[in-house]
Amino acid sequence: MRRLLPSPTSSAAPIPREGADSPAPPDGPDGRQWSLEEIADAYAYPVLAPGTPWLRGNMVASLDGAAHHQGRSQPLSGDADMRIFGVLRALADAVVVGAETVRREGYRPARRREAFAARRAAAGQHPAPAIAVVSASLDLDFSLPLFTEPLVPTLLVTGAAAPADRQAAAREAGAVVVHAGEGAAVDPARVPAVLAEHGHTRLLTEGGPRLLGRFAAAGVLDELCLTVSPRITGGDASRITDGPGIEAPTEYELRSVLEESGFLFTRYRRIGAVPGAR
């Protein structure tokens, strides 16, 4: 893996990050695989004021803009993308995902990874991130391991007026039901703060495109980690965002670019998303 941006001579000011005393990852030559620790340093969350959430998105897109191929993102991915995917999960307090993505991708609980045990303990985190499923209908199979076997209880983010019987079934299965909206629907603008109230401030959303689009339109997507896959799919797959239109395009600034095997790993920060303030 090699770092394309920022270059060693770049004068751009870095985002303050956790573990700021750690050295920046080296600019490895082509073919050298970065260690998990080096990747974790490169993607460390910014320093946050206590109780302040930071919502990061992680998505992959083909060269022609597809967010998936035949309904799944895996065909667009590669070894380096999966390493970064795993590191981003290992850095997060909670992984926020839409119900449709849970059903389509067969989500399971996040697992404890020994390589990150000390890092998570030092940051005051649980041994593994919680999975937070966003759903208005609660049309989910609560007998799945995601709800019955998580290392950290799965959260179900819904509206206060969501079907009461489904809320009860979720709690019976062991999920923690949290409300982000007064009606049945979830207000995406309220999700980060609601999760922060439950101790989850370092947030990662893996989509799908509909949920990511709603977060972007609500103005709460602080950062986007976008993998550009060197593959063309054709077809009519959605973009990485498939939410409501935004009156004026939201501007993001490019913070870093890594490359391996033709994949570009980009990191963008929303202009105005100041660490420690919202």
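Residues are numbered from 1 along each chain as its sequence is written, and side-chain values use heavy atoms, with hydrogens and water left out. Because the model is predicted, local features need pLDDT of at least 70 and side-chain atom pairs count only at pLDDT 80 or more, whereas totals for chains, interfaces and linings use all residues.

The largest pocket has a volume of about 790 Å³. A pocket is defined on a 1 Å grid over the protein atoms alone as an open set of points where a 1.4 Å probe fits, with protein on both sides within 12 Å along at least five of seven lines. Grid points are joined across faces, edges and corners, and the volume is the space filled by probe spheres set on the points. The lining comprises 34 residues, of which Met 82, Phe 85, Arg 89, Tyr 107 and Glu 206 are the closest to the pocket centre; a lining residue has an atom within 4 Å of a point. Two or more lining residues come from each of β2 (54–61), α2 (79–91) and α3 (99–105). Helices (H or I, at least four residues) and strands (E, at least two) are DSSP runs, numbered from the N terminus. The most is given by α2, with six residues. By class, the lining has 14 nonpolar, nine polar and 11 charged residues. In this scheme Ala, Val, Leu, Ile, Met, Phe, Trp, Tyr, Cys and Pro count as nonpolar, Asp, Glu, Lys and Arg as charged, and the others, Gly among them, as polar.

Two cis peptide bonds can be described. The bond from Leu 5 to Pro 6 is cis, with omega near -5 degrees, and Pro 6 is found in the loop between β1 (2–5) and α1 (36–42). The bond from Gly 207 to Gly 208 is also cis, with omega near 15 degrees; Gly 208 is found in the loop between β7 (202–205) and α8 (209–218).

Positive phi values occur in residues other than glycine at Gln 70, near 55 degrees, and at Leu 138, near 60 degrees. Gln 70 lies in the loop between β2 and α2 and counts as exposed, at 74% relative accessibility. Leu 138 is found in the loop between β4 (130–134) and α5 (145–148) and is buried, with a relative accessible area of 0%. Buried means under 20% relative accessible area, exposed over 50%, and partly exposed in between (1.4 Å probe, protein chains only).

In α8, the buried residues are Pro 209, Leu 211, Leu 212, Gly 213, Phe 215 and Ala 216. Their cover includes β2, β3 (94–98), β4, α7 (191–197), β7 and β8 (223–228).

Strand β10 (residues 263–270) has six of its eight residues buried, so it is largely enclosed by the rest of the structure. Strand β10 pairs with β8 in the antiparallel sense over six bridges, and Tyr 268 is the bridge partner of Leu 224. Strand β9 (residues 252–260) also pairs with β10 in the antiparallel sense, over eight bridges, with Leu 258 opposite Phe 265. Two strands pair if DSSP finds at least two bridges between them. β9 and β10 form a hairpin with two residues between them, and Ser 261 in the turn has a positive phi of about 55 degrees.

Within β9, Glu 259 counts as buried at 14% relative accessibility. The Glu 259 side chain makes a polar contact with the side chain of Arg 2 (2.8 Å) and reaches the backbone nitrogen of Ser 261 at 3.4 Å. A polar contact is a pair of N or O atoms within 3.5 Å; within protein, one must be able to donate a hydrogen and the other to accept it, and residues adjacent in sequence count only if both atoms are side-chain atoms. Leaving aside neighbours within four places in sequence, Glu 259 is in contact (heavy atoms within 4.5 Å) with Met 1, Arg 2, Leu 4, Leu 264 and Phe 265. Ser 256, also in β9, counts as buried at 12% relative accessibility. With the neighbours within four places in sequence again left aside, Ser 256 is in contact with Leu 5, Pro 6, Phe 265, Thr 266 and Arg 267.
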